[in-house]
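Please read this briefing alongside the sequence and the coordinates.

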Amino acid sequence: QVLSAFKTQVEYFVRWHAACTNIFEYVAREYLPQPVISCTMEGCMETGRDVMYGGAKYNSSGIAGVGIGNVGDSLHMIKHLIFDTGRCTARELYDALKNNFKGYEALHAYIVNEAPHYGNGLPDVDKWTAWAAEVFADAVNSCTGPRGRFSAGLYPITTNIMFGKITPATPDGRLAGEPLADGISPLQQMDTNGPTAVLSSVSKINQVKYPNGTLLNMKFHPSALQSEQGIKKLSELISTYFDLGGMEVQINVVNAETLKDAQADPEKYKDLVIRVAGFSTYFIELHSEAQNDIIRRTELQIG
């Protein structure tokens, strides 16, 4: 019943989102035609149609999901806490979330410190993230619009921070207002079994169903790549991820201490470039909340 209700809600809100997007596009093509861009896209000149009217040969609208790590982990936690261990009732978990875990500190401590989480190479946990990702992808990819079909994506840019601000506490232990998980990455600092476990978990998502792209961010401590062997291991790690069906992985090699020092003394770090999510930028030019989110990413080592 829980899973059925979740699927119904996802399908409803995806259709609602697609309908809103379509309304915008029907208006935008009347007021914002793109003749210059259309001249550069295959299909527009051949058909005599502007790109906003679906003239391009390769054309789609996209809906990108944010926080899939939270969703899958939360579904698992509901099953684990209520159905498997009986650690709390559904009402108790509901009340804990509505109160941002105030008065439920022991439950929160168990969720964060003891319960199994997505991102640690645990098939019984990871399957819920994979299932939720498939439900979302199927819902998005079934929609159509004035420019053609919709394509599902799983990437946040930095909206995981903004959306987190308006999202209440979640069953995976995330508190109200905190950033959501980044891309298809596990919730920050909940992946404790190393990079191979992370790749094992995220590869359970069928990324073929995401033609609009997926995003995995990984942060390595500089000591992991100080030797030729470390560089070779990282190369093999990336190759393995693609062999497992991965689409994209973005890597930062920096430690949290350096980033915190850059926050405190930005003049010393004017040339510090960070990969955020689909783009790179100077760390000191990021908003402090985006800086903090990158600092909170799990610091990985290569054994």
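N100 lies in the loop between α5 and α6 (105–113), in a model that is predicted. The phi angle of N100 is near 55 degrees, a positive value in a residue other than glycine. Most residues other than glycine have a negative phi.

**Positive phi values**

- With a relative accessible area of 45%, Q189 is partly exposed.

**D182 and its surroundings**

- D182 belongs to the loop that runs between α8 (159–165) and α9 (195–202), and D182 is buried, since its relative accessible area of 4% is under the 20% limit.
- The side chain of D182 takes part in a polar contact of 2.5 Å with the side chain of N217, and in another polar contact, of 3.2 Å, with the side chain of R297.
- Leaving aside residues up to four places away in sequence, D182 touches P156, N160, Q188, L215, N217, V276, A277 and R297.

**An open sheet**

- Three strands form an open sheet in the order β5-β4-β8, with parallel pairing.
- β5 (249–253) and β8 (299–300) stand at the edges with a single partner strand each, so one side of each has no neighbour in the sheet.
- β4 (residues 216–220) pairs with β8 in the parallel sense over 2 bridges, and K219 stands opposite E299 in β8.

**The largest pocket**

- The largest pocket holds about 1,500 Å³ of space, and its lining is made up of 41 residues, of which F6, V10, V66, V71 and T167 lie nearest the centre.
- At least two lining residues of the largest pocket come from each of α1 (2–31), β1 (61–65), α4 (68–84), α5 (90–98), α7 (123–141) and α8, with α1 giving the most, 9 residues.
- By class, the lining of the largest pocket comprises 30 nonpolar, 10 polar and 1 charged residues.

**Cavities**

- Across the whole structure, a search finds 2 cavities of 30 Å³ or more.
- The largest cavity contains about 130 Å³ of space and is lined by 14 residues, with S185, D191, N217, R297 and T298 lying nearest its centre.
- β4 gives the most to the lining of the largest cavity, with 3 residues, and that lining divides into 5 nonpolar, 5 polar and 4 charged residues.
- The second largest cavity has a volume of about 50 Å³, and the residues that line this second cavity include D182, N160, V276, A277 and R297.
- Two or more residues of the lining of the second largest cavity are given by each of α8 and α12 (288–296), and α12 supplies the largest share, 3 residues.
- In the lining of the second largest cavity there are 6 nonpolar, 2 polar and 3 charged residues.
- R297, which makes a side-chain polar contact with D182, is among the residues nearest the centre of the largest cavity and is also one of those lining the second largest cavity.

How values were computed: Residues are numbered from 1 along each chain as its sequence is written. This is a predicted model: local features need pLDDT of at least 70, side-chain atom pairs count only at pLDDT 80 or more; totals for chains, interfaces and linings use all residues. Side-chain values use heavy atoms; hydrogens and water are left out. Helices (H or I, at least four residues) and strands (E, at least two) are DSSP runs, numbered from the N terminus. Buried means under 20% relative accessible area, exposed over 50%, partly exposed in between (1.4 Å probe, protein chains only). A polar contact is a pair of N or O atoms within 3.5 Å; within protein, one must be able to donate a hydrogen and the other to accept it, and residues adjacent in sequence count only if both atoms are side-chain atoms. Contact means heavy atoms within 4.5 Å. On a 1 Å grid over the protein atoms alone, a cavity is a set of points where a 1.4 Å probe fits but cannot get out, and a pocket is an open set with protein on both sides within 12 Å along at least five of seven lines; lining residues have an atom within 4 Å of a point. Grid points are joined across faces, edges and corners, and a volume is the space filled by probe spheres set on the points. Ala, Val, Leu, Ile, Met, Phe, Trp, Tyr, Cys and Pro count as nonpolar, Asp, Glu, Lys and Arg as charged, and the others, Gly among them, as polar. Two strands pair if DSSP finds at least two bridges between them.
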